[in-house]
Amino acid sequence: RCGLCQEHASHIKQLSQMRGDACSSGEISEGTLRLYWGYYAQLVAIENRFDWEALRLNFTWYDSLKEFRQWKASKASGNSISLEMASVLYNIAVTLAHLGASEQRAGTEAGIKMAAKHFQDAAGVFTHLRDNVIGTIVEKPTVDLTRECLDAIIHLTIARSQKCFYEKAKMGGTGHNILAKVAAGVHQHYTRAHSLLNGPVLKAHIPEWASQCLIESCIVDFQAHWHQA
């Protein structure tokens with residue numbers, strides 16, 4: 001091992017343990033989210049304290065969209081802490097989106113509110129990742145960390161958040177004119193996401209997403225027109 005690695009062995013061991021705890025949780029839960037946030041906070045704290053290139057630590061992350069593909073998943077690997085921070089943030093946002101999707105929304109206002117919050121938080125993290133982090137990555141990123149993919153995911157999570165507001169408004173007896181406007185807003189985000197998912201790279205990488213997005217877009221468009229009528 002290099003001299004720097006030996007000098008900072010205890011810190012590296014602690015960092016590796018936190019990484020392992022977060023990445024090996026194997027479940028989508030608030031507990032996993034806390035592990036990711038704790039690890040990310042540690043990365044922020046030490047980001048500028050070490051010469052990461054000299055440390056020669058290797059960070060490897062696999063394409064999170066691999067389960068939707070028919071060929072071997074791509075991966076990004078390198079000693080840049082920017083890659084590590086971006087990948088952890090991505091996992092935080094994905095966990096938030098999954099928590100939103102798993103909330104029980106049928107007939108429960110509390111569940112709708114919590115789902116909307118998770119989706120909003122996910123969109124916020126994805127947006128920060130796109131605007132402030134991915135540009136600092138030295139290595140070639142996997143497809144899920146490209147601007148095109150993040151743009152699409154941001155529109156999807158915003159659409160799902162606004163769909164929750166539509167459901168809450170409908171449950172509360174809101175008038176048709178307002179419901180039509182809310183549904184139209186959801187449709188706009190699904191339409192934009194569908195357009196991005198139909199781009200050459202994403203369409204080849206995750207072809208199922210564009211089809212599913214189109215279905216969601218058509219459903220909410222019908223709802224908007226029904227309320228307007």
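**Exercise 1. At what angle do α6 and α7 pack, and how far apart are their axes?** Then work out how the two helices run relative to each other.

*Solution.* Keep in mind that you are looking at a predicted model.

- Step 1: Two packed helices are described by the angle between their axes and the distance between the axes.
- Step 2: For α6 and α7, the angle is about 160° and the axes are 9 Å apart.
- Step 3: Angles over 145 degrees count as roughly antiparallel, so α6 is roughly antiparallel to α7.

**Exercise 2. Find serine 161 in the structure and decide: is serine 161 buried or exposed?** Then list what surrounds this residue.

*Solution.* 

- Step 1: Look in helix α7, where serine 161 lies.
- Step 2: Its relative accessibility is 4%. Buried means under 20%, so serine 161 counts as buried.
- Step 3: Leaving out residues up to four places away in sequence, serine 161 touches Ala116, Phe119 and Gln120.
- Step 4: Now check the polar atoms. A polar atom of the serine 161 side chain lies 3.5 Å from the backbone oxygen of alanine 116.

**Exercise 3. Which side chain makes a polar contact with the side chain of histidine 205?** Describe the setting of this histidine too.

*Solution.* 

- Step 1: Histidine 205 belongs to helix α9, which covers residues 200-205.
- Step 2: With a relative accessible area of 5%, histidine 205 is buried.
- Step 3: The partner is aspartate 63, and the distance between the two side chains in this polar contact is 2.6 Å.

**Exercise 4. How many residues does the largest nonpolar core have?** Say which elements build this core, and explore one of its residues.

*Solution.* 

- Step 1: The largest nonpolar core has 56 residues.
- Step 2: Elements giving two or more residues to this core include α2 (9-23), β1 (59-62), α7 (147-171) and α10 (207-228). The largest share, 12 residues, comes from α5.
- Step 3: Among the residues with the most contacts inside the core are Val88, Phe126 and Leu197.
- Step 4: Take leucine 197. Beyond its neighbours within four places in sequence, its contacts include Ala152, Leu156, Trp209 and Cys213.

Technical notes
Residues are numbered from 1 along each chain as its sequence is written. This is a predicted model: local features need pLDDT of at least 70, side-chain atom pairs count only at pLDDT 80 or more; totals for chains, interfaces and linings use all residues. Side-chain values use heavy atoms; hydrogens and water are left out. A nonpolar core is a set of buried Ala, Val, Leu, Ile, Met, Phe, Trp, Tyr and Cys residues joined through side-chain atoms within 4.5 Å. Buried means under 20% relative accessible area, exposed over 50%, partly exposed in between (1.4 Å probe, protein chains only). Helices (H or I, at least four residues) and strands (E, at least two) are DSSP runs, numbered from the N terminus. Contact means heavy atoms within 4.5 Å. A polar contact is a pair of N or O atoms within 3.5 Å; within protein, one must be able to donate a hydrogen and the other to accept it, and residues adjacent in sequence count only if both atoms are side-chain atoms. Axes are lines fitted to C-alpha atoms, for helices over the stretch in contact, and angles run from 0 to 180 degrees between N-to-C directions. Angles under 35 degrees count as roughly parallel, over 145 as roughly antiparallel, 65 to 115 as roughly perpendicular and the rest as oblique.
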